[in-house]
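Reader: I am new to this structure, and I would like to learn how to read it. Could you walk me through it, feature by feature?

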Amino acid sequence: MDFGLSGEPGDGNDIRVYCYCGRVSYGEMIGCDDDQCQREWFHLGCLDVTSPPKGEWVCDECKARHEKERAC
């Protein structure tokens, strides 16, 4: 049974929440390159950037988790 939870960010069928703001997908977004990221996708406006960064990008929460893991 499909409850409308599937779909890709921005396709209009995705009702999951993303980003630090906890809102649905809209506008241009960037995905965190950490496979374990809880939020997965981020609105460019919430990151205060106008275009996606080049190359690999990891959100602040995943960066902090990586640093904590390295400290152990």
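Author: We will go from the overall layout to the annotated sites, the core and the aromatic rings. This is a predicted model, in which local features need pLDDT of at least 70 and side-chain atom pairs count only at pLDDT 80 or more, while totals for chains, interfaces and linings use all residues. Residues are numbered from 1 along each chain as its sequence is written, and side-chain values use heavy atoms, with hydrogens and water left out.

Reader: What share of the residues counts as buried?

Author: A residue is called buried under 20% relative accessible area, exposed over 50%, and partly exposed in between (1.4 Å probe, protein chains only). Of the 72 residues of the chain, 24% are buried by that rule. For the surface as a whole, accessible areas come from the Shrake-Rupley method with a 1.4 Å probe, and for residues only the protein chains shown count as cover. The chain exposes about 5300 Å², with 49% of it supplied by carbon and sulfur atoms.

Reader: Now the annotations. Which residues does UniProt list for "binding site"?

Author: A word on reading such records: UniProt positions are given in the numbering used here, feature names are shortened, and annotations may be inferred rather than shown by experiment. One "binding site" annotation, from an unreviewed UniProt entry, lists C32, C37, C59 and C62. Those residues spread over 31 residues of sequence yet cluster in space, the largest C-alpha distance being 8.4 Å. The unreviewed entry also has a "binding site" annotation covering C19, C21, H43 and C46. They too cluster in space, with a largest C-alpha distance of 8.6 Å although they spread over 28 residues of sequence.

Reader: Let me take C32. Where is C32 found, and what does C32 touch?

Author: C32 is found in the loop between β1 (29-31) and β2 (41-43). C32 counts as buried because its relative accessibility is 12%. Contact means heavy atoms within 4.5 Å. Not counting residues up to four places away in sequence, C32 touches C37, E40, F42, W57, V58, C59 and C62. C37 is also in the loop between β1 and β2, and C37 counts as buried at 8% relative accessibility.

Reader: And in the other annotation, is C21 buried or partly exposed?

Author: C21 counts as partly exposed, at 33% relative accessibility, and its place is in the segment before β1. C19 is found in the segment before β1, but C19 is buried, with a relative accessible area of 1%. H43 has its place in strand β2 and is buried, with a relative accessible area of 2%.

Reader: Which backbone oxygen does the side chain of H43 reach?

Author: A polar contact is a pair of N or O atoms within 3.5 Å; within protein, one must be able to donate a hydrogen and the other to accept it, and residues adjacent in sequence count only if both atoms are side-chain atoms. The side chain of H43 reaches the backbone oxygen of V24 at 3.0 Å.

Reader: Which residues make up the largest nonpolar core?

Author: A nonpolar core is a set of buried Ala, Val, Leu, Ile, Met, Phe, Trp, Tyr and Cys residues joined through side-chain atoms within 4.5 Å. The largest one has 12 residues, among them C19, C32, C37, F42 and W57.

Reader: How many aromatic pairs are there?

Author: Rings of Phe, Tyr and Trp (its six-membered ring) pair if their centres lie within 6.5 Å; planes under 30 degrees apart count as stacked, over 60 as edge-to-face and the rest as tilted. A search of the whole structure finds two aromatic pairs. The rings of Y20 and F42 have centres 5.0 Å apart and planes at 55°, so that pair is tilted. Y20 is in the segment before β1 and F42 in strand β2, 22 residues apart. F42 is buried, with a relative accessible area of 0%. The rings of F42 and W57 have centres 5.3 Å apart and planes at 75°, so this pair is edge-to-face. Y20, F42 and W57 form one aromatic cluster.

Key
Helices (H or I, at least four residues) and strands (E, at least two) are DSSP runs, numbered from the N terminus.
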